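Please read them next to the coordinates.

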Amino acid sequence: MARQATLAALAAHLDSAAGAADWTALARADQALATALPRLAALGPWSTAERSALAHLRERHAAARRDCDLALAEMGELLAAMRGRKDGWLAYAETGGWPDAANGAH
């Protein structure tokens, strides 16, 4: 039963971090998973309930990966859009278009 609970906790940590888009926490959860699985596997044969919990963990890990892939694609699109506006920003800056910090004037 301890193995099943550990697998459920690992899945919950993945879900929590991915749901919050907390990439640092997700990296920690993924590292905890990578550390725990070999230790859990060394405990011997898996019960039916443990295999079910492991399958659920695999599903949650795959979902977290999809979340990461989606966030990466969105960030790539944002950076591409920013690169596309770079020349305009530079031209604006060269003409003195940035507000003066002291008085808020243009």
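1. Basis. The model is predicted, with local features requiring pLDDT of at least 70 and side-chain atom pairs counted only at pLDDT 80 or more, whereas totals for chains, interfaces and linings use all residues. Numbering starts from 1 along each chain as its sequence is written, and side-chain values use heavy atoms, with hydrogens and water left out.

2. Fold. The protein has 4 helices and 0 strands, in the order α-α-α-α from the N terminus. Helices here are DSSP runs of H or I with at least four residues, strands are runs of E with at least two, and both are numbered from the N terminus. Of the contacts with a separation of 6 or more, 61% are between residues 24 or more positions apart; contact means heavy atoms within 4.5 Å.

3. Burial and surface. Among the 106 residues, 19% count as buried. Buried stands for under 20% relative accessible area, exposed for over 50%, and partly exposed for what lies in between (1.4 Å probe, protein chains only). The accessible surface is about 7400 Å², and carbon and sulfur atoms hold 61% of that. Areas come from the Shrake-Rupley method with a 1.4 Å probe, and for residues only the protein chains shown count as cover.

4. Core. The largest nonpolar core has 16 residues, and Leu7, Leu10, Leu14, Leu26, Leu33 and Leu57 have the most contacts inside it. H1, H2 and H3 each supply at least two residues of this core. Such a core is a set of buried Ala, Val, Leu, Ile, Met, Phe, Trp, Tyr and Cys residues joined through side-chain atoms within 4.5 Å. Leaving aside neighbours within four places in sequence, Leu26 is in contact with Leu14, Ala17, Ala18, Ala64 and Cys68.

5. Nonpolar patch. Met75, Leu78, Leu79, Met82 and Trp89 make a nonpolar surface patch of about 450 Å². H3 gives the largest share, 4 residues. Met75 lies in H3 and counts as partly exposed at 44% relative accessibility. Patch residues have over 30% relative accessible area and no salt bridge; like charges are joined within 9 Å, and nonpolar side chains (Val, Leu, Ile, Met, Phe, Trp, Tyr) within 5 Å. A salt bridge is a side-chain nitrogen of Lys or Arg within 4 Å of a carboxyl oxygen of Asp or Glu.

6. Glu50. This residue is in helix H3 (residues 48-84) and is buried, with a relative accessible area of 9%. What does the side chain of Glu50 make a polar contact with? The partner is the side chain of Arg3, at 2.9 Å. A polar contact is a pair of N or O atoms within 3.5 Å; within protein, one must be able to donate a hydrogen and the other to accept it, and residues adjacent in sequence count only if both atoms are side-chain atoms.

7. Ala36 is in helix H2 and is buried at 4% relative accessible area. Not counting residues up to four places away in sequence, Ala41 touches Arg3 and Trp46.

8. Backbone check. Ala21 has a positive phi of about 55° although it is not a glycine. Most residues other than glycine have a negative phi. Ala21 is found in the loop between helix H1 (2-19) and helix H2 (23-41), and is partly exposed, with a relative accessible area of 40%.
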